[in-house]
Amino acid sequence: MESLLFAKRMPKDARQKLLYVALRLFTEKGFKETSILEMVEAAHVSKTTFYNFFRSKEELLVQLFERLVDEVLDEVKKAADRQEKVSYKAFSGIRRYIELCTDRVTVARLLLVASVGVSQEVEKVRRKAHLRFAELIYSIVRDVLSGTVPEEELKIGAQAMVGAINEVVIQNVITSEQEADLDRLARMLNRIVVGSFSALVMKQSAN
């Protein structure tokens, strides 16, 4: 399956065409401002074809979100997996995430800002994405900290880190007029992640 995040030309498959043009139109015009007619015309397919794959524009957005989240988290995981030390894994994963949000800032804006409140289904996908990102962070630290910190605290800590990372991306990449320093942001966030989990270990040792 071709990547939507890195696609530079329209796919040949009808469903992929619709996802491709939807991503372009949603990021250029906005979700609410884009009509189904505009999407089918841009994809060179019929409305019947559209409804063969999606019941509504909202359902298309949900599937688009799921696809983009899969691709982003896959990139983050691959970056983390290339490192051996936990602190390097966290830094590499965070940096890759910020890099993707910088290089594809219109996509990041759609995922993190512009689509907020569109529908309950989109919010479910957003929460699921948040949890999946948290699970990835949890999986990075679990092997090292499991047994020293309760699993529930590790999971909550990972969820908190995702919220912090996304907020930094929104404030320093998506809505900022200044160019982001990727390495600086990644180092700062990595220190917060490592420091937070180290604090959990110290707390547990003191009990």
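Just after helix α2, His44 takes a positive phi of about 60°. Helices here are DSSP runs of H or I with at least four residues, strands are runs of E with at least two, and both are numbered from the N terminus. The structure is a predicted model, in which local features need pLDDT of at least 70, side-chain atom pairs count only at pLDDT 80 or more, and totals for chains, interfaces and linings use all residues. Residues are numbered from 1 along each chain as its sequence is written, and side-chain values use heavy atoms, with hydrogens and water left out.

Helix α2 spans residues 36-43, and its buried residues are Ile36, Met39, Val40, Ala42 and Ala43. Buried means under 20% relative accessible area, exposed means over 50%, and partly exposed lies in between (1.4 Å probe, protein chains only). These five residues lie on the same side of α2 because they cover an arc of only 165° around the axis; the arc is that of the directions from the helix axis to the C-beta atoms. The partners against which the buried residues of α2 pack are α1 (14-28), α3 (47-53) and α4 (57-81).

UniProt, in an unreviewed entry, places a "DNA-binding region" at residues 35-54. Over residues 35-54 the chain is 75% helix and 0% strand, with its end C-alpha atoms 14 Å apart. The annotation "domain: HTH tetR-type", also from an unreviewed UniProt entry, covers residues 12-72. In that stretch, residues 12-72, the chain is 75% helix and 0% strand, and the end C-alpha atoms are 23 Å apart. UniProt positions are given in the numbering used here, feature names are shortened, and annotations may be inferred rather than shown by experiment.

Arg96 is located in helix α5 (residues 86-103). Arg96 counts as buried because its relative accessibility is 17%. Apart from neighbours within four places in sequence, Arg96 is in contact (heavy atoms within 4.5 Å) with Phe6, Glu75, Val76 and Ala79.

The protein is divided into domain 1 (1-54) and domain 2 (61-205), with bounds from an automatic or database domain assignment. Between the C-alpha centres of domain 1 and domain 2 the distance is 28 Å. Contacts join 16 residues of domain 1 to 15 residues of domain 2. The area buried between domain 1 and domain 2 is about 1400 Å², and carbon and sulfur atoms give 70% of this area. Buried area is the accessible area (1.4 Å probe) that two parts lose on being put together, summed over both. In domain 1, the residues that lose the most area to domain 2 are Leu5, Phe6 and Phe31, together 41% of what that side buries.
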